[in-house]
Amino acid sequence: MTTTMKPETIALHAGYRADPATNAVAVPIYQTTAFQFDSTEHAKNLFELSDFGNIYSRIMNPTSDVFEQRMAALEGGVAALAVSSGQAATAMSIQNIAHAGDNIVSSTDVYGGTWNLFANTFKDFGIEVRFVDPSDPENFRNATDARTRAYFAETLPNPKLHVFPITEVAAIGEELGVPLIMDNTAAPIICRPFDHGAHIIVYSTTKYIGGHGTSVGGMIIDSGNFDWEKHADRFPMLNQPDPSYHGAIWTEAVKPLGPIAYIIKARVTLQRDLGAATSPFNSFMFLQGLETLPLRMREHCRNAQTIAEYLESHPAITRVIYPGMHDGEQGRRADQHLNGGHGGLVGFEMSGGVEAGRTFIDSLELVYHVANIGDTRTLAIHPASTTHQQLSREDQEKSGVTEGYIRLSVGIENAEDIIADLDQALTAATIGETTARLTKAA
Ligand code: PLP
């Protein structure tokens, strides 16, 4: 099995052929907490990392291991760590290289939960997050100093759906010695951030990877392409003895195994200590999702394009936000970084503002009103009153959330049925708006 295979094949085969114990073709759910050691010598070798194997399911598990290998292969990375949620993946990806007194530079265009983590919880931890506008990549350079440990951004952030300039910011990072961590949750298959120079990828696997809205999970993937030793002053956590692991220097300790210092440290120190472990059952669910991910992404993208075109032609809609319709620099970035589609997310604004938006949501019959994306089913939400509600008005505006904005996560139903539901809800919202206007006038 090589990673030169295509995504459709990798999603079915990477990291596993048959269960060594039973020859089972489907990946078994190893629902066990601990693993028997062969001998005291074996146990000692596992703990000191001179031998690799299973110890305890908080730190590694054979079902999760296949999921990790498959995700790493899909992204062209060297290794990965499955964690309990996308939030845990984001937090740990940074805590692995930054501690109190350090800073990171983040795009302003991030998920509301990420914004809260960065602006409040990380601040309490003593990690400063410098938010910069991603429309100019140079903003990342200008916010960097000697204590900057990472750049962070989302490939396809909603609500703006402006594709992040991965190539440009990764190049600045290479120059200054700062790794770029990309949250690729909204763009699996259609974007491979490592191909554009990114160094670490995080996922909320809750979304498209699982794909069926059943399980919460996260993943951190290491490209192996960042030179932590070259920038030893910037990364003491990887280049100086770690007192929590009998003085291991991570860049040296695992060198014979390949460029995996970052991801091994995340597993054997942070995952050990913080315990954001994924359950083997959820890893099994994510493996099921992965098998059809390339097919589903194709269909999500195709339906989203059809819905965006429908919305653009609707008289009650003032603006459609969809990466396939951006022009100028935003269009160029989408073309440069997305391959095979523009994702399943579509945003729009209605002429009737908040009231029209709420009537629209309340009138939906097929489309679900939930705070989620990446389900097989079509989902809708009004971010200003839900996902982005905890942000101040000013911060909402900065992240692109206006009062009348609706976000759709387009599913894989027949597009005609999705349009029929959107159409009747838009009609209800338009009638409601006209009635309200007439009542006001009277
Ligand atoms: N990143 C993005 C882009 C998200 O949309 C989400 C959740 O909506 C997260 C991270 C957090 O993931 P989780 O809900 O799995 O913790």
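This briefing looks at a ligand and its surroundings, then at aromatic rings. The model is predicted, so local features need pLDDT of at least 70 and side-chain atom pairs count only at pLDDT 80 or more, while totals for chains, interfaces and linings use all residues. Residues are numbered from 1 along each chain as its sequence is written, and side-chain values use heavy atoms, leaving out hydrogens and water.

**Around the ligand**

- Residues with a heavy atom within 4 Å of a molecule count as near it, and those around the ligand include Ser85, Tyr111, Glu154, Thr206 and Val216.
- By class, this shell holds two nonpolar, seven polar and three charged residues.

- A polar contact is a pair of N or O atoms within 3.5 Å.
- A ligand nitrogen lies 2.7 Å from an N or O atom in the side chain of Asp183.
- A polar side-chain atom of Lys207 is 2.9 Å from an oxygen of the ligand.

**Aromatic rings**

- Rings of Phe, Tyr and Trp (its six-membered ring) pair if their centres lie within 6.5 Å, with planes under 30 degrees apart counted as stacked, over 60 as edge-to-face and the rest as tilted.
- That rule gives 15 aromatic pairs.
- Phe226 and Phe235 pair edge-to-face, at 5.7 Å centre to centre and 85° between the planes.
- Tyr245 and Trp250 are also edge-to-face, with 5.2 Å between centres and 70° between planes.
- Ring pairs join Trp115, Phe118, Phe122, Phe125, Phe131 and Phe152 into a cluster.

Methods
A polar contact is a pair of N or O atoms within 3.5 Å; within protein, one must be able to donate a hydrogen and the other to accept it, and residues adjacent in sequence count only if both atoms are side-chain atoms. Ala, Val, Leu, Ile, Met, Phe, Trp, Tyr, Cys and Pro count as nonpolar, Asp, Glu, Lys and Arg as charged, and the others, Gly among them, as polar.
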